[in-house]
Amino acid sequence: MAKLAKRIQKIREGIDAEKFYGLSEAVTLVKERAVAKFDETIEVAMNLGVDPRHADQMVRGVVNLPNGTGRDVRVAVFARGVKADEAKAAGADIVGAEDLLEIVQGGKIDFDRCIATPDLMPLVGRLGKVLGPRGLMPNPKVGTVTMDVTGAVKASKGGAVEFRVEKAGIIHAGIGKASFDAKALEENIRAFADAVVKAKPAGAKGNYVKRVAISSTQGPGVKIDPATINAA
């Protein structure tokens, strides 16, 4: 345990927990401290001035990161006929209808994102209790219930990130890997923050973006001055 404490203490050196850094400096600090033996995910967290218990203050959406996420996203598509063929051609990992329903009901969920054509939503609706808690339920608001399965699959594979505010008013997401260069990470963070700002609900009053911080999987968090990423 002492060894772990020393490691944490070392990677926290040089970071002022009370300071709000500019975006570029924050990215540099986080990258320098991503020293795990694997390619750590860089995550952004935004504390918003909303109360998601109220329907008119829910924040939800999807953003296509300009430089992707660095993850190999497995995509499942509920579709039949021509649309099923389109999904396969676009690179979907799993495609089906009743057969896919049985697989998921059996407890095998070997995918990270789920897409469905509108006509199959009555079928997919049976999986609400299974997919909902995992954040995998298709939803037209984030483009996962659509007839454009080709576009949805390619977006998911190419860097589409879905976000949804949690009870405490916090939104967080992985926006890249430590191996990304600083410019790519900065562009992804700006794109994510911009999407969250554009998703500001009508019921939100006062200061919308309260705090922003980034971190790597095993690294310390670094606070960012929201003004340096144009988040307001």
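Two strands pair if DSSP finds at least two bridges between them. The model used in these exercises is predicted.

## Exercise 1. The antiparallel sheet

Solution. 

Step 1. Begin with E7, residues 170–177. E1 pairs with E7 over seven bridges, in the antiparallel sense.

Step 2. Turn to E8, residues 209–216. E1 and E8 are also antiparallel, with seven bridges between them.

Step 3. The open sheet has four strands and reads E7-E1-E8-E9, with antiparallel pairing. E7 and E9 (222–224) are the edge strands, and each pairs on one side only. From one strand to the next the twist averages 25°.

Step 4. Check the cover on E1. Strand E1 spans residues 41–48, and six of its eight residues are buried. E1 is therefore mostly covered, given that buried means under 20% relative accessible area.

Step 5. H8, residues 182–198, lies across E1, E7 and E8. Helix H8 runs at about 155° to E7.

## Exercise 2. The aromatic pair

Task: State how many aromatic pairs there are, and classify the geometry of Phe 163 and Phe 192 as stacked, tilted or edge-to-face.

Solution. 

Step 1. Count. There is one aromatic pair.

Step 2. A pair of aromatic rings is described by the distance of the centres and the angle of the planes.

Step 3. Apply them. For Phe 163 and Phe 192 the values are 5.6 Å centre to centre and 70° between the planes. Planes over 60 degrees apart count as edge-to-face, so this pair is edge-to-face.

Step 4. Phe 163 belongs to strand E6 (residues 160–164) and Phe 192 to helix H8, so the pair ties together parts 29 residues apart in sequence.

Step 5. Phe 163 has 2% relative accessibility and so counts as buried. Phe 192 is buried too, with a relative accessible area of 0%.

## Exercise 3. H2 against H8

Task: Which residues of H2 and H8 meet, and what class of crossing do the helices make?

Solution. 

Step 1. Recall the description. Two packed helices are described by the angle between their axes and the distance between the axes.

Step 2. Take the values. The axes of H2 (residues 23–32) and H8 come within 10 Å. They cross at roughly 120°.

Step 3. Classify. Roughly perpendicular covers 65 to 115 degrees and roughly antiparallel begins over 145, so H2 is oblique to H8.

Step 4. The crossing of H2 past H8 is right-handed.

Step 5. List the residues. H2 contributes Leu 23, Ser 24, Val 27 and Lys 31. In H8 they meet Ala 182, Leu 185, Glu 186, Ile 189 and Arg 190.

## Exercise 4. The parallel sheet

Task: Determine the strand order of the sheet that holds E3, and state whether the faces of E5 are covered or open.

Solution. 

Step 1. Pair E3 (residues 75–78) with E5. They run parallel and are joined by four bridges. Cys 114 in E5 is the bridge partner of Ala 76.

Step 2. Pair E3 with E4. Three bridges join these parallel strands. Phe 78 stands opposite Gly 96 in E4.

Step 3. Assemble. Three strands form an open sheet in the order E4-E3-E5, with parallel pairing. The edge strands are E4 (94–96) and E5, each pairing on one side only. On average, neighbouring strands are turned by 15° against each other, direction ignored.

Step 4. Inspect E5 (residues 113–116). Arg 113 and Ile 115 lie on one side, Cys 114 and Ala 116 on the other. These residues are all buried, and both faces of E5 are covered.

## Exercise 5. A loop residue

Task: Locate Ile 109 and name its contacts beyond four places in sequence.

Solution. 

Step 1. Ile 109 sits in the loop between helix H4 (98–105) and E5.

Step 2. Its relative accessibility is 22%, so Ile 109 counts as partly exposed.

Step 3. Ile 109 is in contact with Val 104, Val 130, Leu 131, Arg 134 and Leu 136, leaving aside neighbours within four places.

How values were computed. Residues are numbered from 1 along each chain as its sequence is written. This is a predicted model: local features need pLDDT of at least 70, side-chain atom pairs count only at pLDDT 80 or more; totals for chains, interfaces and linings use all residues. Side-chain values use heavy atoms; hydrogens and water are left out. Buried means under 20% relative accessible area, exposed over 50%, partly exposed in between (1.4 Å probe, protein chains only). Helices (H or I, at least four residues) and strands (E, at least two) are DSSP runs, numbered from the N terminus. Axes are lines fitted to C-alpha atoms, for helices over the stretch in contact, and angles run from 0 to 180 degrees between N-to-C directions. Contact means heavy atoms within 4.5 Å. Rings of Phe, Tyr and Trp (its six-membered ring) pair if their centres lie within 6.5 Å; planes under 30 degrees apart count as stacked, over 60 as edge-to-face and the rest as tilted. Angles under 35 degrees count as roughly parallel, over 145 as roughly antiparallel, 65 to 115 as roughly perpendicular and the rest as oblique. A crossing is left-handed if the near helix is turned anticlockwise from the far one by less than a right angle, and right-handed if clockwise.
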